[in-house]
Amino acid sequence: MWQEAKVIARIDWNHQLFTLKLSANIAPFIAGQFIKLSQHIDGKRIVRAYSLVNAPSDDYLEVLAVSVEEGQLSPNLQALQVGDSIDISTKASGFMTLDELPQQGRDLWLFATGTAVGPFISMMRTEQPWQRFEHLVLVYGVRLAADLAYYQELLALKAQYGDQLKLVLSVTREQFDGAMNCRIPTGMAAGEIEDKAGLTISPESSQVMICGHPEMIKTLSAQLNERGLVKNLRRAPGQITVEKYW
Ligand SMILES: Cc1cc2nc3c(=O)[nH]c(=O)nc-3n(C[C@H](O)[C@H](O)[C@H](O)COP(=O)(O)OP(=O)(O)OC[C@H]3O[C@@H](n4cnc5c(N)ncnc54)[C@H](O)[C@@H]3O)c2cc1C
Ligand SMILES: NC(=O)c1ccc[n+]([C@@H]2O[C@H](COP(=O)([O-])OP(=O)(O)OC[C@H]3O[C@@H](n4cnc5c(N)ncnc54)[C@H](OP(=O)(O)O)[C@@H]3O)[C@@H](O)[C@H]2O)c1
């Protein structure tokens, strides 16, 4: 169940948002899946899930995390230095993957708050979404511009894929050039997200993945339900696939 992963590199995006690159031999995974990291804290095994950010073909693992005040594991993860070790699950799991989407829809909409951009970065690092969808729209919501992890990589992807990639940023606690200054559901209700993307969400044209803050997922899913989109289930294909982070 557990093996040791070694920290081989880290990126500090700001004083509490960080990326760890890990060396570990886990079973092959699919972009969008998560692993579990674990430590014994005060004699108890604490286990938490983290989405993989690296492409499945990379020879290292990568996770993006935020240190949550009063959290049990995340402050310890932030304290890990290169050379330190952490327990990791031997295989990844999760169903928020492109393989789980039905073969319908022209555009792929990816909605994330905070660290939940990670699994979408992993997908965008593979060929699969670019070959399958006419457009990818990444809607990425953070509090402050300094919380926009992987921003430079996103700009590079935009330069590489041009009009195929639409980047819609939501920065809620300050003004940021080109970004919305409201939460994702507010931007959806106002039509601002679709305006910025230059595309309309519909059951016929769209597949939607939503990841991160549970309240954002709940509100946005209800908005999409009103527009005729329904949850994607194996037994009943739909358009909405979600992963809640807590
Ligand atoms: C499937 C899945 C994938 C996940 N992937 C990631 C990931 O890639 N990166 C990551 O940082 N976390 C991720 N999480 C959350 C992660 O498992 C931990 O909950 C988080 O790191 C906090 O752990 P903790 O023990 O410090 O605090 P916890 O006791 O687990 O959480 C305390 C509180 O912190 C808040 N919180 C938890 N996670 C986050 C977060 N990511 N961003 C903002 N607030 C949060 C919530 O209010 C939560 O109730 C994922 C969770 C799930 C279920
Ligand atoms: N002390 C600090 O300076 C500081 C700073 C950042 C993070 N943190 C820590 O990091 C954690 C939060 O991480 P985070 O900022 O990455 O994640 P977050 O709190 O989930 O915020 C990410 C984005 O989601 C939005 N959001 C929050 N609630 C929502 C809702 N109900 N519906 C729709 N959107 C919603 C936020 O908007 P709003 O801005 O409107 O909430 C923000 O734009 C906290 O638990 C805290 O421990 C601390």
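A backbone N or O atom of Ala 49 lies 2.7 Å from an oxygen atom of ligand 1, which counts as a polar contact (a pair of N or O atoms within 3.5 Å). A polar side-chain atom of Tyr 50 is likewise 2.7 Å from an oxygen atom of the ligand. At Leu 64, a polar backbone atom lies 2.7 Å from a nitrogen atom of ligand 1. Taken alone, the ligand exposes 850 Å², and the protein buries 75% of that; accessible areas come from the Shrake-Rupley method with a 1.4 Å probe.

This is a predicted model, in which local features need pLDDT of at least 70 and side-chain atom pairs count only at pLDDT 80 or more, while totals for chains, interfaces and linings use all residues. Residues are numbered from 1 along each chain as its sequence is written, ligands are numbered from 1 and chains lettered from A in the order in which they are written, and side-chain values use heavy atoms, without hydrogens and water.

In total, 19 residues surround ligand 1, and Arg 48 and Ser 74 are among the closest; a residue is near if one of its heavy atoms lies within 4 Å. β4 (44–51), β5 (61–66), α1 (74–79) and β11 (240–244) each supply at least two residues of this shell. β4 gives the most, with 4 residues. Helices (H or I, at least four residues) and strands (E, at least two) are DSSP runs, numbered from the N terminus.

Domain 1 (2–89) and domain 2 (98–244) both give residues to the shell, so ligand 1 lies between them. The domain bounds come from an automatic or database assignment.

Terms used
Polar contact = N/O pair within 3.5 Å; in protein donor to acceptor, adjacent residues only side chain to side chain.
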